Every structure is written in C-alpha cells, then in structure tokens.
Amino acid sequence: MLSLILLVYGGYIFKEWKESAETQQSIFPSLKAPAGSISTTKFEKGSILWPSGATPVIENYPPTLVCRFNPKGGMFKACILHFFSENLTWRTQVKYLLPYITLFVFLCFLFGRAWCGWVCPIGTTGDFLTFLRRKMNIPVKRFPANFRKNLSFTGYALTVITLAISTLIGMPNLTRYQCYWFLPYCQICPARLICPMFGLIKPNWKDFSTGITTTFTILAWIVLGFFIAAFYWGRRIWCHMCPVGLINSWFNRGCGIELHKKAVKCIKCGYCADVCPMGLTKMYEIDKDSVYNQTGCIMCMRCIEICPRKGCLTVKFFGRKINVENFIRRKTDAKKVFEQIQ
Amino acid sequence: MQKRFLNKYNELILRNLSSKKAFLNDDIKQALKYRERSNLSSMDGFYKAIEANLGVEKTQKDRYIGYFCSIVPEELLLACSLKPVRLCCEDYTWTNAGEEILPGDICPVIKAICGKFYNNVYDYLELVIVPGTCDPKAKLAELLSPVKEVYFLDPGRDSDYLENVDKWTDRYTKFFQFLRQRFQCHAGKKQLLTACKLTNERTEIFKKIYALRIKFPGAINIFDYYVMIYTSFFMDIEQWNKMAEKVYEQAREKQSLSKKPKVLLSGSPVIFPNFKILDVLDQAGLEVAADIQCTGFGRFYNPVAIDEDTESGIIRALTLKNIAGSICPCLLTLEKLINLIIDTVSQYRLDGVVYYNLRLCQVFETQTTIIRQVLKENKIPFLSVKTDFGKEDTGQLKTRLEAFREIIQSGKE
C-alpha cells in the first residue's frame, strides 16, 4: 500500500530530486524527441494521449513501471513497453538507452515479477474490484489453463505488434504516420485511462476526430471492458496478457526471490494452488525438494502465507530466508476475515 | 426432500430387527476409571461431559445431527445452527449387540454402530450423514435408513485436488442446500464464517496441545488426550475450546522430560472407550507422543483457510480442509501419510512408529506393507499390531511391544 502511494503520488516527494536531476548532468541522460518530430505534438493538451489538465512529464527518469499518464506519478517515468516503443520511434542512440536498460534488468534480477503482485497500480485497481466482488458474494470464475495460456500468447502478440509499428513509423519516410500510430499499445491500454484517476485528473476518454483515432478509442473501451470484467469475475486474469508483466516474467526464474518447496512436509491439501491468483499449480504438483519459480508467478506469496504446514513452502532472498508472516498482513488472511465479522 | 434407501422394505426390516433389549454399557464405566490416572484437575470437565452424554436425555430445543468420519464438514451443520454429533464408536458391548444383526466377520465399528441404532440409543438424532469413504460405511447408509433419515455424502476415492475439487465443491454445495431446505434456515456467508471461526479456534488449541505433547508427553496423559478428542465428538465447540485451553494452561506448567521411548501412533483410529492399545503401550513402557489418526491429528490439524470469503469460496475451502487435506486411507492418501510420519518422526526425534490395525479393517492393513518398506529405508523402527476390541490377546500384545521397546533402546545405545 505504501509503495503504491509512493508510486502514484511520489512525484511530490521526489520533485526536488527530479529537478536537480534535470538540471545537472545525470548518469541517466535526458531522452527527448528529435526536433521537428510530429510525435511531440501528441503531448499537447487535448490530444488523445494526454490527460486533461496535466503538467508536462519530465522525461529523464528510469524506465521502470508506473504509467507515464499519471502526471503526478512517482520518480519513475513509464513502463518498459512505453520506453521501448517511444525510443524506437525516436531512433534514440543505444548508448543513451543503456543506463535505463541496465537499471531495468538489475531491478528485475533483484525482484523478478514481484512488481505485479505488490505495487502495480492496475493490479491494485483490479484487486479492489475483486474485493468488491467478494463483498457482493459473487463466486469467482476459474478459467481453464488453456484459456490463460492463450491470453499470454495474445499479450506477446500485442508486444511484438507494438514494437514493430513503433520501429516502422520511426523510419524517415514514414514519419507522417506518427501522429496516429505513435505509442500504439498505450492508446488501447487500460492503464492510460485508469492511472490518471489516481492523480485525480480526468483521463482523455475519447477522440473521434479521424477514423484511426475513433478505432483506437473504441478498441481502448473494449480493452477496458475486458480489464474490468477480468478482474471482476476472475482473479488477475488481466495479468496474464499484460505485456509489461510478460517482459518482467522472463526474469522470474533465476531472480533474487526464490520460492522453495520441501516435499516431505507437503500433505497435498491444495491450499496453495487454490489461493493462487494466477491459477498456477506447480507448487502443488512437484514432488521433490526444489525451487518452484515459474513465469506466471507474480510473487504475491499467498501460497506461502496460507500453507498449513510450517516449513513446507518458504521464500528466500539471495539465500536468506524470509519469514513471510512478518510482513504480510492482508485482509484476505483467514484470521483477518474472522476479525471483520466480530 | 427425504432420502431413504430401502423405501419398500423399511417396515419389514424394522419389525424384525428392532426392539432388542438395551445393553448396559460396562465398557464406558470401566473406561471412566482412567480419570484416576490423570494428573490434571482441569480434565474433570471432560470426564463429566462423557458421563452426562451417557444418560441424560437431550433437550428438545437443539437439533442433533449424527455424522461419521472427518470427511463430513461440521461447519455446514454448525452454520445451520444444528448440533453435530460424531457417532464413530468402538464399544465392545455394542459390537456384541450388533452381532445379532450382522454377521461376525464385519468391521467391529460398523457392528457397534448398528447395535446402537437398532437399540434406539440415538433416538434424539434427526438425521444421520453417512459418507461413502470405506465400503462398510457405504453399506451403513442402507443399513441405517430404516431407523433414521440418512444423507449419503460421497467424496470419491481420488484425493487429488486438481481433478476433483469442483466435484467436491458441487457435492458440498448440494449438501448445504439440502440442510437449508430440510431445517428451514437461511444460513449464508456470515453463519459459515462464524462456524469456521469456531472450528479454527479449536484447531489452534489442538495444535498447541499437540506441540506440547510431542515434546513433553508426560504433561498430558495419553488417556486424557484421547478423552479430549472423544469429547469433541459431541460437545459444544465453544465449551470444548474453553476447557481445552484450561487443560493446556495447567499442563504447560508440568513439563518434564520422561525417559521412556517416545513413539508415534498411527493407523486405525482409537476411540473412547476402547483404550486397549493405549493401555498395552503404557504397560510396555512406551510413551505415545503423537498420533496421526483421523480422529485426532487428521481432524484438527488443518485450519479452514478462507481466501475467497464468498459463500461458494468458503465451501470450497471446507472441501480442501476435509477431503484434500484428509489422511483417510480410503482415499488415495498413502504418500501423504508416509510423508507425515517421516516428517514428524525426524522433526521431533521420536523413537519409533506403532501402526495399529483394527482387525477386519482392510484399508489400514493393506497399506501397512508399503509403510513398513519405506520406514525401513529411512531407518525408523516400525511395528504394526493387529487386534480388535476383545481383551484376550492383551498379554501377547504386551510381549511384542516390550520387545519393540527393547529394540528401540538397544538401537539408541
């Protein structure tokens, strides 16, 4: 929760740091659109990509994962997909990008996909929807493994298409398409519509000026509808196809956080697989002592928290054992639930 | 919806089999003498509860529901403000009574249950829930249907969570719907949560007692421990929790290390008043530090872990606790049981495992071979004993257990 507040409103806290970083020489160079590029016009007030009443975003911050469309947003500028598609279009030199990519890889190496489970603003929005569903006593829908697999293929397809379009419109002959096709994924991403609301700013809902913008607007609405439905009926269904989560998930195996299972302790009660918001079952299935990090895992540690056998599932951070119960106190915890009704 | 199995023949069966004379239950009166061995004054309440349960008629206000096995979710019954009574019994006298109805070569537990039902001991029950765990239990549903209204709850034999959880949830949901219709109540999410809270409190207290006993078996006498388990079959849970808490507080001050070898007792459930095996173990100089049986450990160890606090979510959590987490040998749970035994023995440094086979109970006996092989590989002393409720073979058993103790002690040196 604290991390979320820091990410969403952190802009105020880190304002001075931001300003000093902008004026002085920083190891993170300032990335700007080339002069005369059409894409810069997209950032003007009133364009589809710009939330109404926003202040300009300072652009020289490490590309980790908060949405850039929340202008009050934290010290970080944009998600990794935004970062890549933007800079592919601008044809920024690789040497300027390297510090950012290094930082991103380093963070992923430390925490893997823990971002998704703990601080992602859209994930939190979705968890709030899930909370509402539980309060209204609507049973959760559990989707089959195939469906979830297909969703992640869709996510990869979206990523590839986005990067391809971004590269294409960066070519000298094709710059005139930039005004419509710049940041294609962002135009349909639900985060673009949701994140500004964290900053108490009205997002730009619609742009019916031309055929292409109309198509994008309608697509964005459809995706937002799917996003809300996915979180409302199921748990974290959206996270299967979120491109940012997919890129993060490459680092899940071999990252600093290691999830261990001690097979002799397991009584196969299935609690761990049942609570997994991503519908993973590996921690239930494996029958030998091993690490069970998997690509879909969002490191929410729910399985470790709920396991009734002490020492069966454990989490280690670079070889150091962490007691999950010490820092997790969530409302869905069985005990907390009971406290509520008293 | 009234579910009877032998509609046509009910009257005929009743005419021929019921109205036997009531048997005096000497077994229980004898077993109550275990009170004298106890060193805890706070145990009084539990022994009194057993006496009270014997003679006094039940109040009309409360609706009592009988059930067998830990597969049946008590929480659903509690949520409908019914009083669950677990009917598993191992009385020798009632087994004799049952033999007038059933042939001799049948599980003694089933005979005892039949004896009790056909002698009108359980008149106060409104409904009996019979799970289809083992074969005789499934037949019991038909045997009891002339006497009482029976609900048959079948979990299936496969205990794999992934494949069966939807099926289990479906069966529990139907069961819950039946209860709501039959007893005209509007139990929902709130009542279920309250019920789960009660049983989770009980689990917590049981875990504390289990952990205390496994380190200092002398703190709570083994007979007291099984009496506590037996009273939880019929006592009000809140009351049980309070009394057990008192016992725990008192026992905690009496921690002392005993020199007797500590063993783990697994296999068929030991139920009051049939404490024969405990008696023999005690005489042979073995201390039972822990149990892995469906009456004690298997029933209490898992909490209801609620993640989705919707009505269906809670019912699903109950299936996980009661079926997926169960150690019933009728389901495919052998690997789990072996894991549990090895883990408990190695973690608490117990000296051996005694596996108790009730004669004519095939499921427990069949898996003995595999358990023996695996434990042999892990160098854990293992002894399986086979006996029934009769007292004839006590001396023989004692000799075997004493030999086992000597093996353990020589291995230690």
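The model is predicted, so local features are given only at pLDDT of at least 70 and side-chain atom pairs only at pLDDT 80 or more, while totals for chains, interfaces and linings use all residues. Residues are numbered from 1 along each chain as its sequence is written, and chains are lettered from A and ligands numbered from 1 in the order in which they are written.

Let us start with chain A. Its secondary structure comes to 17 helices and 4 strands; helices (H or I, at least four residues) and strands (E, at least two) are DSSP runs, numbered from the N terminus. Of its 342 residues, 40% count as buried. A residue is buried if 20 or more other C-beta atoms, placed from the backbone, lie within 10 Å of its own, exposed if 12 or fewer, and partly exposed in between. Two residues are in contact if their C-beta atoms, again placed from the backbone, lie within 7 Å. Among the contacts in chain A with a separation of 6 or more, 74% join residues 24 or more positions apart.

Chain A is divided into domain 1 (2-245) and domain 2 (255-340), with bounds that come from an automatic or database domain assignment. Where they meet, 15 residues of domain 1 are in contact with 10 residues of domain 2. On the domain 1 side, α4 (94-111) and α5 (114-118) each give two or more residues, and α4(A) gives the most, with 4. That side divides into 8 nonpolar, 2 polar and 5 charged residues. Here Ala, Val, Leu, Ile, Met, Phe, Trp, Tyr, Cys and Pro count as nonpolar, Asp, Glu, Lys and Arg as charged, and the others, Gly among them, as polar.

Next, look at a pair of helices in chain A. Helix α6 (residues 121-135) packs against helix α10 (residues 190-198) at an angle of about 85°, with their axes 10 Å apart. The axes are lines fitted to C-alpha atoms over the stretch in contact, and angles run from 0 to 180 degrees between N-to-C directions. α6(A) and α10(A) are therefore roughly perpendicular, a term for angles of 65 to 115 degrees. Pro121(A), Ile122(A) and Thr125(A) of α6(A) meet residues of α10(A) including Ile194(A) and Phe198(A).

Now turn to chain B, where 29 residues are in contact with 25 residues of chain A. Four helices of chain B, α8 (161-182), α9 (189-215), α14 (311-324) and α15 (334-348), each supply at least two residues of this side. Its classes are 11 nonpolar, 8 polar and 10 charged residues.

Two of these helices deserve a visit. The buried residues of α8(B) include Trp168(B), Tyr172(B) and Phe176(B). Those buried residues pack against α13 (271-275) and α14 (282-285) of chain A, together with α4 (74-79) and α14 of chain B. Just after α8(B), Gln184(B) takes a positive phi of about 50°.

In α15(B), Leu337(B), Leu340(B) and Ile341(B) are among the buried residues. What covers the buried residues of α15(B) includes the chain B elements β5 (262-267), β6 (287-292) and β7 (352-358). Just after this helix, Arg349(B) takes a positive phi of about 55°.

Conventions
Parallel < 35°, antiparallel > 145°, perpendicular 65-115°, else oblique.
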